[in-house]
Structures are given as C-alpha cells and as structure tokens.
Amino acid sequence: MITLTTDFGLRDPYVAEMKGAILTINPKAMLIDITHNVEKFNIRMGSFMLASAAPYFPKGTTHLIIVDPGVGTERRGIVVQTKRGFFVGPDNGVLMLAAQSQGIESIYELSNPNLMFPQTSNTFHGRDIFAPAAAYIDRGTQPRDFGSEIKDPVLPHFSVVEQIRGVLNGEILYIDDFGNVIFNIKEKIMPNSPVISIKLPQVSLKLKFCKTYGEATTGEPIVLVGSHGFVELALNQGSAAEKFNLKVGDKIAIMVD
Amino acid sequence: MITLTTDFGLRDPYVAEMKGAILTINPKAMLIDITHNVEKFNIRMGSFMLASAAPYFPKGTTHLIIVDPGVGTERRGIVVQTKRGFFVGPDNGVLMLAAQSQGIESIYELSNPNLMFPQTSNTFHGRDIFAPAAAYIDRGTQPRDFGSEIKDPVLPHFSVVEQIRGVLNGEILYIDDFGNVIFNIKEKIMPNSPVISIKLPQVSLKLKFCKTYGEATTGEPIVLVGSHGFVELALNQGSAAEKFNLKVGDKIAIMVD
Amino acid sequence: MITLTTDFGLRDPYVAEMKGAILTINPKAMLIDITHNVEKFNIRMGSFMLASAAPYFPKGTTHLIIVDPGVGTERRGIVVQTKRGFFVGPDNGVLMLAAQSQGIESIYELSNPNLMFPQTSNTFHGRDIFAPAAAYIDRGTQPRDFGSEIKDPVLPHFSVVEQIRGVLNGEILYIDDFGNVIFNIKEKIMPNSPVISIKLPQVSLKLKFCKTYGEATTGEPIVLVGSHGFVELALNQGSAAEKFNLKVGDKIAIMVD
C-alpha cells in the first residue's frame, strides 16, 4: 500500500503521471491519496497532513510525499525506514514530523539510477525518482539498495511553544476546511479547566473547553482537542477562522492560570 | 466494495484517515469515492448525491456517508441492510433516501465498542466509528452484531411537491457543476407536452421539453429529465443557474395545463 | 487498468456513477483518475491532459475520456486500439492526440446495444455507453465487437506553429496549477541558445533557457522544456501566468535567431 501527499492539485495531469509510473513498475500497488491540495511549496502544511494521516494506515505502508520547492537543485531525495513503514520524498524536512513519530530506523539517499525512471527529467522528480522509489519499496526492494546511508537529514523548523509566567505562547499551525483553527499546542500542556482564556491577534476570549463540537450551541466558539491531538478553536457549525479573521502563522496565547 | 460520501473536502487529511482506518481492519477493501464535496452539514445535498450514485454500484456494496452536524451529541450511528447492500452513517436521515429506494430490511445501532476504533475520539466519529463499521460489514460482519435493532430511524424532511389547480409547486434540489438546475420533481408527474411553462423567482418562461442537451441551440434554455430521474432546467453549453440567478431551495412552479 | 479523464468535476455524483457502472460489469477493474477538472467542454485541455499522462501507464491500459459538448447529437462514440492500449470516448477529436502518439491500429464505432447500459439515457452517455465500453474492453472484449470500423475519425484542430523569417509563432496551450505557461512548441524546433527572446502580448523579454526550475533565483522568469516535452515559461516558486497576465490561447512568438 502506497499513500500519496503532494502540492500538485487535482486539475493537472501530474498526479496521474506519478500513479502511472508506480503502476508500470508495480501493477498490484494499492494507491491511496492523502491529499494533493497542500498549498504550493508549503512544507509545514504538507508535514501536518502526513503526520495526521499516517498513524491510521496499516503497518508496512509506504508514504510518498512531494512538496519540493528545491526540485532541480542539489537537495537530496531520501527513503526513511521507521518501525511502522517507509517514507519517500525530498530531504527538506517535509516527511520528518510523521517519520519521527513512528521511530526512525535508517535513512538512505535515492541515488541509484537503476531504480529511477530511465529518462529522468530535470523538472519532475516526483514522477521520475520518488514515484519509482515508492513502487520498488512497496514491491520489496530494500532501502539500502537506493544509495548511501544518511545521518544528517534536514529537520523541519516548526515553532516551539513557549511557556512564560503562566502563558503558553503558540501559533496557528493549520486551518481546516471547516474553518477550525488548529494551534501548535498539544493536549498534555493545557490547563485542566472548564474555561480557557485565549488571546487572539484582535480579541481576547474566555471560552468553554469542550470534549466535542456538540457541546456548543450553534455558532458558539469553543476550545477543544481535535482528533489530531492538537488544541483547536472551533465554532459549532461555522468557521472560527472567518469569525475571528485568523490565518496560519498568527500568534496566539493561552493563559494557564 | 465500499463507497464514501462526505462533506470533508479533499484538502484536509480527514478522508485519508478514514481510508487508513478501513484498510487497517480490511486491507482488501476496494474504496470508491462518491464525493467529498458535499456542502458542509448539508444533509439534503448529501442525500441527493448518494441516492443518485448508489443504484449504479454492484449488489452487496457498502455505502458509507458522513454529513454529520450532530457529531458528539446523542444522535445514533446506524447500519441499514437493504435488498441490494448496506448503508452506514449517522441517524440523521442522510442515508435514508438512497436506502429506502433499495428496500430497507433492517436497521441496527452502532454501539458495540469491539467494532470501533479503540481510542474513539469525541470529534471524529467518521474515522473512529463509521469507517470501522463499514470495514467490518464489507468483511462479512452481520449488522445485528453492532447493537440493538432500530425501528424509529430519523427520516429526511425534504419538501414535497404540491399540485394545486394545474400547478406543480416544487423547489430547487441541487445545482450541478455544469450549472444545470435540478428540481424535486420526478418525470412521472410532468405534463406530456413539447413545451413547458415554468415560473422561476424572477421570470416566467415557456421552454422546450427535450430529451437531450443536444436538441437545444447553444445557449438556449430547455427543460429535460436528467440522468438522475429528476426534472432539470439546463442551458446547452452554459450555466442555467447563473443565467437565471438561481440557488438551491428557490421555489419554482410548473404549469401542468 | 482503466484511466478516467472528464470535465465532470469532483463535486457532482457523475464520476461515481461511471465508476459504479464499470465495476458492476467488471468488479476487478483498477480505476485511476487522470483528472476530472478539465474545463467544461474544453476539448483542447482534455486532449493535453490525456496526452501528457497516457505515456506513463502500462501497456494494455484502457483510457476513458469524456469531454463531450455534443452528447445527445449524432456524434459517434468510438474505441481506438493502439500499439500500447485502448482509448474510449466521443468521436470529437479529444482522444486522438494521445492515441496518435501511440500509433493507431483500428477504430470502431460504439453501436452494439448489448455492450451498453440497458436503459441508456439521452443525457449521460459517459455512464451508459462509454463506461460500459471501457469495462468490457478491460475484461477482454474485442474492439470489433462494438460496431463497424471507422476510417474517418474527427481529428483535433489545434493550432500549428508557424516559422516565418526566424520567428516561431505559437500560442498558449495550457496553464498549470503552479502558473507555469505551456506553449504549443516542442523542444526540437527551439534554438540551441542559453538566452531566448520571447514576445508576449504585453511585453517582450530576454530569458534564460534553463534545464530546471532550480536554475532560476526565486521569482525570476525563465524558459524551459517541461516534463511533457513542450516549451514553458515559468517563474521559480511563483506564477508566470499571473505575473505576465497570460491566458490559454494567447499568441506568443519566439525569435529563433
């Protein structure tokens, strides 16, 4: 089983070309799309997508991710073996959030031309290098057959939550299609309180800390822990992002006491 | 075979998480998307989508639908067995239009924790309860194994067409991506006439009642029965919805004589 | 294996109905979407999509394409056998660009009612005629079983590049989701020069002729040969179409000396 996560969108033929390349090498591969609607070149958003979805796939799954602003430069391609499966993509940090949470066992460079598309283009490594690599891995090729072992992979530089004098200083990691606003704050550092004081860029609010969207009346803003494990600001049956005029990267603060 | 219909969109990782959950339980499941672009929380639109597509799938197909404004409240989850297959989703009416047209045999509640995801979240029953249920049904688990039988399912409350003194009073059920405007009026109650008088919110028209889009000249508005069996207003190679400024829910009337 | 290319979009249930129709006839078919986001009725864009993606699929693949402004008129449906596989769709030229590049062996009309959906609708030949044809072909039915041989298929009328006194006069064939602007000019007629003079509708430019996007500094416009084999104008990590206000069909010129 191979999952695909890209910033290619679904209008262009690029995703199909990758699937064709995979199925030419490995006609029995089962292909599952995670998303192709990562914002162009947005490594953070791609990381979040893959890290959210990967835990729900069976052991042995190969995850292919391509968000690759550096295509055609010297950046490396890599295959990562973890305790639960494999990750294939550019060495720009985009797959490390998901891979690290599964426990990384080894990382190899994709440099063996025999495991690439014969006429490798300079502009579409997704189809010519990464898709074939995923197809071979899913068919049983060993990661070490792709090239040298890598000990210095590029790590993602996402913001870290700071806790200063009873205040958690975080930021907006992602806004989903429902308008739910997801912070880079994990459940375990949240205060154990039925009401949360939160500071947004344009307003400060005291909100109910709920277990589910259904605890709020229609249109009421609440705080809860989403299914992905991060704290989110939600509006029951409405868009919290729109109501409070929020965007990814905005700074927020939560009062711990 | 399992079909999926949701209002999750294709940008977020939620659909992929559901597919991962299904394939973890049932690695051989064949998954077919009906649509993930149901308008958020629009039970009527979800109903129409599923009811349009379900008749074309093989006998024995399991249809999973999640349009679920009540997630996290006391609303039940259900599995419905029909003469042709199975339906899994929230008990809010969204699956009943499609299920009823296949002939319902029995309905059971989804309450057996052994047939759910072990750490059920409060916010994502699609992944934690409904997707596993569909995976088990497709693998052969019996509906009665999920919980108690239900005799009072929630039924959808869609508007009924009224016929008063030679006038069919209906409304707009759906507007498709081509701009074709679909009414809640079935072919069998339509007058048998080559010309139809129709009253839209802003204008009254006399239009040809055609068998196919090709009978109209480019840009000409016509009335015909769509492939889904409902009467629609169409513009050959154009958007009827845009031309006449129409939206879902608008009242319309057709003169029967 | 069957690929699908349509202008149906992913919001409506139409693509799912086609897949259901295929799987009812041929439950083991592997279905791969090329794209369903061809602009409505845009035969040129559909042609480009299919011709770009088809070369990457395995030998024996059946390609189903439906961009069909003439549905319900007298236009024929066809199945084309090539040296590498099969193409099914309307006889309006949309599949010929891809089929011709594989080498056409024979073309047959789709007129055998036993190989169609029993209640063929007048408005949805995609589901009722073309999808069943693809399902039967993938299952081993011979093209000649569908109807009479056709010797006069409709050919696409795309603009031809004119070369006059050292100038290549072409036009914009496609703009992809990254904003890369693809011309109807193939690599082999391009000047062998590190710098290209190009005339756009609103401006003339001298640009680097690169091998990869990575050779440009961020935001720098360049010319290169895309992975599809056509010349394109690109902006490293930006939209060239937006920067130069370009749209499909715009005339462009490249100075050859």
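Guide: Two strands count as paired if DSSP finds at least two bridges between them, and strands (E, at least two residues) and helices (H or I, at least four) are DSSP runs numbered from the N terminus. The model is predicted, so local features need pLDDT of at least 70 and side-chain atom pairs count only at pLDDT 80 or more, while totals for chains, interfaces and linings use all residues. Residues are numbered from 1 along each chain as its sequence is written, chains are lettered from A and ligands numbered from 1 in the order in which they are written, and side-chain values use heavy atoms, with hydrogens and water left out.

In chain B, 6 strands form an open sheet with mixed pairing, in the order S2-S1-S3-S5-S4-S6. Strand S2 (31-35) and strand S6 (104-109) of chain B have a single partner strand each, so they stand at the edges and one side of each lacks a neighbour in the sheet. From one strand to the next the twist averages 20° (axes are lines fitted to C-alpha atoms, for helices over the stretch in contact; angles run from 0 to 180 degrees between N-to-C directions). One of the pairs is Val80(B) with Ile107(B), its bridge partner in S6(B).

Helix H4 (residues 125-139) of chain B lies across S1, S3, S4 and strand S5 (86-90) of chain B, and its angle to S3(B) is about 170°.

Within strand S3 of chain B sits His63(B). Its relative accessibility is 2%, so His63(B) counts as buried (buried is under 20% relative accessible area, exposed over 50%, partly exposed in between, with a 1.4 Å probe and protein chains only). The side chain of His63(B) has a polar contact of 2.8 Å with the side chain of Thr3(B). Such a contact is a pair of N or O atoms within 3.5 Å; within protein, one must be able to donate a hydrogen and the other to accept it, and residues adjacent in sequence count only if both atoms are side-chain atoms. Beyond four places in sequence, the contacts of His63(B) include Ile34(B), Leu50(B), Ala54(B), Phe57(B), Phe86(B), Val88(B) and Gln102(B) (contact means heavy atoms within 4.5 Å).

Leu50(B) belongs to helix H2 and is buried there, as are Met45(B), Gly46(B), Ser47(B), Phe48(B), Met49(B), Ser52(B) and Ala53(B). With 8 of its 11 residues buried, H2 (residues 43-53) of chain B is largely enclosed by the rest of the structure.

The N-terminal end of H2(B) is capped by Asn42(B), with a side-chain oxygen 3.2 Å from the backbone nitrogen of Arg44(B). Asn42(B) lies in the loop between S2 and H2 of chain B and is buried at 18% relative accessible area. Its side chain also reaches the backbone nitrogen of Met45(B) at 2.9 Å, and a polar contact of 2.9 Å links it to the side chain of Glu39(B).

In chain A, strand S4 (residues 77-82) and S6(A) run antiparallel, joined by 5 bridges, and Gln81(A) stands opposite Ser106(A) in S6(A).

In strand S1 (residues 2-6) of chain C, 5 of the 5 residues are buried, so the strand is largely enclosed by the rest of the structure. Ile2(C), Leu4(C) and Thr6(C) point one way from S1(C), while Thr3(C) and Thr5(C) point the other way. S1(C) pairs in the parallel sense with strand S2 (residues 31-35) of chain C over 4 bridges, with Thr5(C) opposite Thr35(C). As for the helix, H4(C) has 13 of its 15 residues buried, and just after it Gly140(C) takes a positive phi of about 115°.
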